[in-house]
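Please work through the exercises below with the sequence and the model at hand, and try each task before reading its solution.

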Amino acid sequence: MKIAILSCFYPYRGGISQFNAALLDELGRHGAEVRAFNFKRQYPEFLFPGKTQYVTADDQAARVQSTAVLDTVNPLSFYNTYRKIRGWQPDVVLVRYWMSWFAPSLGYVTRRLRRDGIKVISILDNVIPHEQHWFDAPLTKYFLGGSDACITLCEAVADDLRHIREDIPCKVLPHPLYTHFGEKIPRDKALRDLNLDPARHSLLYFGLIREYKGLDILLDAFSKLPENYQLIIAGEPYGSFEPYRKQIEALGGEAGNRIHTKLEYIDDAQVSKYFSGADLCVLPYRSATQSGVSAISFHFDVPMLVTDTGGLKETIADTGTGLLAKDCTPEAIAEGTERFFSSTEIADECRRNIAILKDRLSWAKFADGLLSFINTL
C-alpha cells in the first residue's frame, strides 16, 4: 500500500511534527510505502505567536526526508501540491488538521485528490479550536468535504465531529506514547541538574503556555500549598508572560522562590530531565481535546492531575493513570494535588496503570488500527 502523509515534518518543530515522524516510521515498519509531503510555509510569521516554527541546531528531532510543497499563503502552491501527490499515485493520503487556518489549502488539495479516486483520511487533532472564531465551523466543514473518513485521538473530538458531519466514517485511536525523548534518569539527579530541591514534592507544568491551558489557575492553587512543594514551569509562552509573572511576584518571596521557570521551547534532548524530576504533571486546562503532554508523561511514568474537559478524563482519570480535579478552580487543583501526595499508594497505583497502558498506546498498535480502518473503506 502506498500512503502519502500531507502535514508538517522536520524542520518544523513541535508535537504534531513529532507525531507525524513517528507515524511515518511505523507505517513503513508495517510494510507500507510511505512518503512525506511537507509545508513550504506553515504559517506566516505574523500569525505565529512563538519565537520560531523551526527546530534549532541543538534539537534532536527526527530528520525526516520530505517533499516541501504546500505554502498555506500562496494559492498557486495548492494546485502544485495536488499535482505532486497525485503524480506519486498513492492509494491513501493522510492529512493532519488542527485549526481552521489550514482549511482552504488542505481542503483544496484533498477535494481534488478525492475527485481522482484517491482515498483521503484526516487525522483530526481538533474540530472545534480551543480559541474559537466565527469562521471556524464553516471552514472546517469545507475541509471535511475532502475527506472520506476521519481518525480522532479521543472520543471528545469524535463527538465534536458528529455535530458537524454525522455521516463521515470515524475511528478513535488514542494518542500513542512518545518514545524519542530518551530514558528516564534518577529523580534526584534530574532535580539537581535543574538546581531544584529533591526533598520537595515536584509539580510540573509543561508545554506551550496559552490562556486556555490555565497556568493562572495553577499558580493560584500553588499559593495554597505548603512549603514542601515546588513548581516547575517549562515551556514557551504564546503571548505575554507578564500577567503570570505578576502572579508569581504577588505570592511573596518564599512561595515565589519555589516556582522555577524555563520560558522557552524545550528541545527534545532536555525533555527527559523535566519529566524525570517530576512527581506529578498538572494540566489545569480550561478546555482541551487530547494532550500530547500526556503522551510524554506516560513515557516517563509520571502520573497526572487533570481537569474534566475534553478527552483528559477519558484518557487519564478513567484509566487510573492520574487524578481528576473536582472543578477547574485553584481550590480543586490544590485539593487534588494534596490528595495525590497524601498516600504513596495513590502514586504506586497510577504508575502500575501507566505500565499497563503503555502496551496499548504503542505506535505499532496505532498503525495496526489505522491500517485496519483503511481496509474497511
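The model is predicted, so local features are given only at pLDDT of at least 70 and side-chain atom pairs only at pLDDT 80 or more, whereas totals for chains, interfaces and linings use all residues. Residues are numbered from 1 along each chain as its sequence is written, and side-chain values use heavy atoms, with hydrogens and water left out.

**Exercise 1. Aromatic pairs**

Task: Determine how Phe39 and Phe102 are arranged, and which parts of the chain the pair links.

Solution: Begin with the criterion, by which rings of Phe, Tyr and Trp (its six-membered ring) pair if their centres lie within 6.5 Å, with planes under 30 degrees apart counting as stacked, over 60 as edge-to-face and the rest as tilted. A search of the whole structure finds 20 such aromatic pairs. In one of them, Phe39 and Phe102 stand 5.4 Å apart, centre to centre, with 40° between the planes, and this pair is tilted. Next, place the residues: Phe39 belongs to strand E2 (residues 33-41), while Phe102 is in the loop between strand E4 (92-97) and helix H3 (103-115), so that distant parts of the chain, 63 residues apart, are linked. Helices (H or I, at least four residues) and strands (E, at least two) are DSSP runs, numbered from the N terminus. Phe39 is buried, with a relative accessible area of 3%, and Phe102 is also buried, at 0%; here buried means under 20% relative accessible area, exposed over 50%, and partly exposed in between (1.4 Å probe, protein chains only). Finally, widen the view: ring pairs join Phe39 and Phe102 with Tyr12, Tyr43, Tyr54 and Trp98 in a cluster.

**Exercise 2. The second largest pocket**

Task: Describe the lining of the second largest pocket by class, and find which helix gives the most to it.

Solution: On a 1 Å grid over the protein atoms alone, a pocket is an open set of points with protein on both sides within 12 Å along at least five of seven lines, where a 1.4 Å probe fits, and lining residues have an atom within 4 Å of a point. The lining of this pocket comprises 24 residues, of which Gln18, Ala21, Ala22, Ala62 and His180 lie nearest the centre. Sorted by class, the lining has 12 nonpolar residues (Ala, Val, Leu, Ile, Met, Phe, Trp, Tyr, Cys and Pro), 6 charged (Asp, Glu, Lys and Arg) and 6 polar (the others, Gly among them). Helix H1 (residues 15-29) gives the most, with 7 residues.

**Exercise 3. Cysteines**

Solution: A disulfide is a pair of cysteine sulfur atoms within 2.5 Å, and the structure holds 0 disulfides. Cys8 is buried at 3% relative accessibility, and Cys170 is partly exposed at 28%.

**Exercise 4. Backbone geometry**

Task: Locate the cis peptide bond that involves Pro11, and state where Gln89 is found.

Solution: Most residues other than glycine have a negative phi, and most peptide bonds are trans. The cis bond joins Tyr10 and Pro11, with omega about 15°, and Pro11 lies in the loop between strand E1 (2-6) and H1. Gln89, although not a glycine, has a positive phi of about 60°; its place is the loop between helix H2 (75-88) and E4, and at 60% relative accessibility Gln89 is exposed.
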